[in-house]
Amino acid sequence: MQDVLMDPKGVGPAIHYYMLRGGVEQKNTTVWEPGTISGEYIKTYGHYHIGELSENYSIVFGQGVALLQKLMEDQQGNLLADQVEDFRAVVVKAGDEVFMPLKFGHLVVNTGQTYLVTIDDSPVDFEDRDPVSFPGHADYELVKQMRGFAFYVVEDENGQPALKKNPLYKSVAKTDFGGLRVLE
Ligand SMILES: [Fe+2]
């Protein structure tokens, strides 16, 4: 997780989140620890899907923020890691569903005082070399290269979630912050 934290030297739990991978049939369950690391709420690493794959997440316990971002492409169709075409933050709580559309990288942040638990329907490729940590359908490199998404979800001075821009991104064309403040 140090690769993608706002503060890579920040102190946090040894494990930030746990996953039970069941795939399309059994579904995948993710459980987040509560808390912050140097002010940034605990989150999943974040990834883009390889190929034509969307995903549905159901929030079954707790509260959080889902971040979605779609990268710009050059004329050859290569993704530009530091240029975002469309960034969205979605505030979620138990009972909500979030759809991760094609081409949108995604991660989910726990902004509550309890565990956050979600169920999703992502396929699991058990033939891949390391399917448990890094399933074959997901690209984590673009996120690693940029030290996370275009915004971090941080705790503001009132203990509320807010967004903070990741300075490594060159541009973010379209934004929907879902009602969250953006801190300077
Ligand atoms: Fe995914």
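**View 1. Strand 6 and strand 11 lie side by side in the predicted model.** Strand 6 (residues 55-61) runs antiparallel to strand 11 (residues 116-120), and 4 bridges join the two. Strands are DSSP runs (E, at least two residues) numbered from the N terminus, and two of them pair if DSSP finds at least two bridges between them. Phe-61 has Val-117 of strand 11 as its bridge partner. This is a predicted model, in which local features need pLDDT of at least 70 and side-chain atom pairs count only at pLDDT 80 or more, whereas totals for chains, interfaces and linings use all residues. Residues are numbered from 1 along each chain as its sequence is written, and side-chain values use heavy atoms, with hydrogens and water left out.

View 2. The 5 strands follow the order 1-2-11-6-9, with antiparallel pairing. At the edges are strand 1 (17-20) and strand 9 (97-100), each of which pairs on one side only.

**View 3. An iron ion is held by histidine and glutamate donors.** The coordinating atoms are NE2 of His-47, His-49 and His-106, together with two OE atoms of Glu-55, at 2.1 to 2.5 Å. Donors are N, O and S atoms within 2.8 Å of the metal (3.2 Å for Na, K and Ca); water is not among the atoms, so sites may look incomplete. Along the chain, the donors follow the spacing H-x1-H-x5-E-x50-H. Distant parts of the chain are linked by His-49 in strand 5 (residues 48-49) and His-106 in strand 10 (residues 105-110), which are 57 residues apart. Both His-49 and His-106 are buried, a term that means under 20% relative accessible area, with exposed being over 50% and partly exposed in between (1.4 Å probe, protein chains only).

View 4. Strand 7 (residues 63-73) pairs with strand 10 in the antiparallel sense over 6 bridges. Within this pairing, Ala-66 stands opposite Val-108.

**View 5. Tyr-115 lies in a loop between two strands.** The loop that holds Tyr-115 is between strand 10 and strand 11. Tyr-115 counts as partly exposed because its relative accessibility is 43%.
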